[in-house]
Amino acid sequence: MGHVRHFDLIIIGTGSGNAILDERFADWDVAVVEKGVGSHSSYGGTCLNVGCIPTKMFVHTADVANSPAAGERLGVGVRLDEVRWREIRDRVFGRIDTIAESGKRFRRDENPNVTLYEGTARFTAARELRVETAEGPTTISADRVVIAAGGRPVIPEVPGIEDVEYHTSDSVMRLESLPESMIIMGTGFIGAEFAHIFAALGVRVTMVGRSGRVLRGEDDDISARFTELAARQWDLRLNRREIEVSGSGEGVRLRLDGPEGAETLEARTLLVATGRRPNSDLLDTAAAGIETAEDGKVKVDSTQRTTVEGVWALGDVSSEYELKHVANHEERVVQHNLLHPDTPIESDHRFVPHAVFSEPQIASVGLTEQRAAEHGIGYVTATQDYGGIAYGWAMEDTTGFAKLLADPATGKLLGAHIIGPQAPTVIQPLVQAMEFGIDARSMARGQYWIHPAMPELVENALLGLPLD
C-alpha cells in the first residue's frame with residue numbers, strides 16, 4: 001500500500017462542516033474533502049448551492065410576481081408584464097457561485113494548516129479514506145473524522161425515467177429557459193416550494209403525488225388546508241401511481257394510474273422531488289465499522305459521536321431533521337466536542353421548527369395533533385384565523401390560521417402550526433416560549449403585543465386555549 005498522509009482532523013463535506021474550523025484550530029493539521037458536483041463549485045454544501053438560499057431568492061421573486069392576484073382582492077390593479085428568467089437566474093447564481101468559489105479559495109489558499117481535497121472519498125478503515133481526485137487517488141487518515149457529507153435527491157424507480165431528461169432540486173434552478181409547462185413528481189416541501197416558484201413565474205404546473213395529501217407530514221388541519229389551496233393554483237393529481245415515463249417531442253410524457261383509471265400527462269420539463277437520501281453509502285461507512293440506520297442515516301449519540309471512536313457526524317447525513325439550522329446547531333456541538341473531549345456537550349433537538357416557503361407559507365414546531373393522539377399525550381388545542389385579527393383584515397386573508405396545542409395541566413405549549421402570510425416569522429415567539437418553558441397564559445398576558453401587527457395571531461391563539 002502507498003503512502004498514507006496523516007492528519008489531526010478530516011472533515012468530509014463543506015456545508016455546515018466547513019464552519020467547524022475557526023481560529024482555535026489554527027495549530028491543527030486538517031484535511032477537508034469536498035466531492036463537488038458538475039461545473040459549478042459546490043463548496044458550501046446543499047443550503048448555499050442548491051437549497052435554502054437560492055430557493056428563497058427565487059421564492060421572494062415568485063411572491064413579488066404574485067402581487068397582481070393579491071392586488072385584485074384589495075381593489076388595486078397591478079399587471080405582471082414580463083418574467084426575465086435568465087436575469088432572475090443569473091442574479092441568484094451570480095451571488096451564490098461567487099460565495100461558493102470564494103469560500104473554497106479561502107480554505108485552499110489562506111489556511112496554511114488546511115489541505116483541501118476535491119473528489120469523492122470512501123472509507124477504507126475506521127479513520128482512513130481513499131480520495132479520488134483529478135490528480136489521482138490518495139489515501140488519508142486522521143485521529144478524528146467529522147462526517148458532514150449531506151444528502152442527495154432520490155430518483156424513484158419508474159420505468160423509463162433514466163431514458164428521459166429530468167431535473168431535481170440540484171439542477172432545476174439553472175434551466176436555460178423557463179418552460180411553458182412542468183410536471184412535479186412529489187408532494188413534500190421541495191415540490192411545494194418549486195410549484196409556487198414556477199407557477200408564479202408563469203409555468204403551467206402539474207403536481208403528482210402517491211398519497212391523498214400535499215405536505216402530509218404537517219398537522220392534518222394544515223395539510224388539508226394547504227392541499228385545498230394547492231388544487232386552486234396547480235393541476236393537482238393525488239392518489240396516483242407512476243406507470244411509465246417517456247420522451248414526447250421536446251418534453252416528457254408521464255403515464256399514471258389513479259382513482260379514475262389510466263391517464264397521461266405531457267409537459268416540457270419533469271422535476272423529480274420525491275425526497276432525499278443521506279450520502280453515507282457513497283462513503284462506504286460500513287468499511288469503517290460506522291453503523292447506519294435502515295434509511296442510511298449515520299447513527300450518532302447525543303454528542304454527535306458515531307459508533308466508532310473519534311468519528312462524529314452532523315447534518316443531513318445523520319440527522320432526522322434535514323434543516324440547515326439543525327446542521328448548524330450540531331456543527332457547534334461537534335466543534336466544542338473536538339476542542340474539549342473531556343467535557344462534551346449534547347445537541348438539543350427538543351423544539352426544532354421548520355418552514356415551507358410556498359403559497360401560502362407554513363411553519364411548525366413541536367407535536368402535531370395526530371402525533372399527540374398517537375402517543376396518548378394529553379392536550380388542549382385552539383385555532384385562530386388570520387381573518388380574525390386586524391392585520392388579517394388588512395390583507396383580506398380568508399384561508400390562513402394558527403393552531404396551538406398545550407398541556408392542560410401546565411399550560412406549556414406542545415406544538416404550534418401556522419399556515420398563512422409570514423408564518424416562519426410569526427411562529428418564532430412560540431419557538432422561544434417552548435424552548436424557555438413559558439406557559440401559554442404567562443406568554444399571552446405577560447407582555448405587550450403590538451396592535452395591529454401580525455403577532456396578534458399568536459396572542460389570540462394563546463388566549464383561545466381552554467386552560468384553567
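**View A. Residues listed under "binding site" in the UniProt record.** The unreviewed UniProt entry lists Gly-186, Thr-187, Gly-188, Phe-189, Ile-190, Gly-191, Ala-192, Glu-193 and Gly-275 under this heading; such annotations may be inferred rather than shown by experiment. Although these residues are spread over 90 residues of sequence, they cluster in space, with a largest C-alpha distance of 13.2 Å. Ile-190 and Gly-275 are among the residues lining the largest cavity (a set of points on a 1 Å grid over the protein atoms alone where a 1.4 Å probe fits but cannot get out; lining residues have an atom within 4 Å of a point). The model is predicted, with local features requiring pLDDT of at least 70 and side-chain atom pairs pLDDT 80 or more, while totals for chains, interfaces and linings use all residues. Residues are numbered from 1 along each chain as its sequence is written, and side-chain values use heavy atoms, without hydrogens and water.

View B. The domain assignment, automatic or from a database, gives domain 1 as 5-53 + 87-151 + 277-339 and domain 2 as 156-273. Their centres, taken over C-alpha atoms, are 31 Å apart. Six residues of domain 1 contact seven residues of domain 2 (heavy atoms within 4.5 Å).

**View C. The salt bridge of Asp-97 and Arg-174.** The side chains of these two residues meet at 2.7 Å, N to O. Two salt bridges are found across the interface of domain 1 and domain 2 (a side-chain nitrogen of Lys or Arg within 4 Å of a carboxyl oxygen of Asp or Glu).

Note on methods
1 Å grid on protein atoms, 1.4 Å probe; cavity = no way out; pocket = protein on both sides within 12 Å on 5 of 7 lines; lining within 4 Å.
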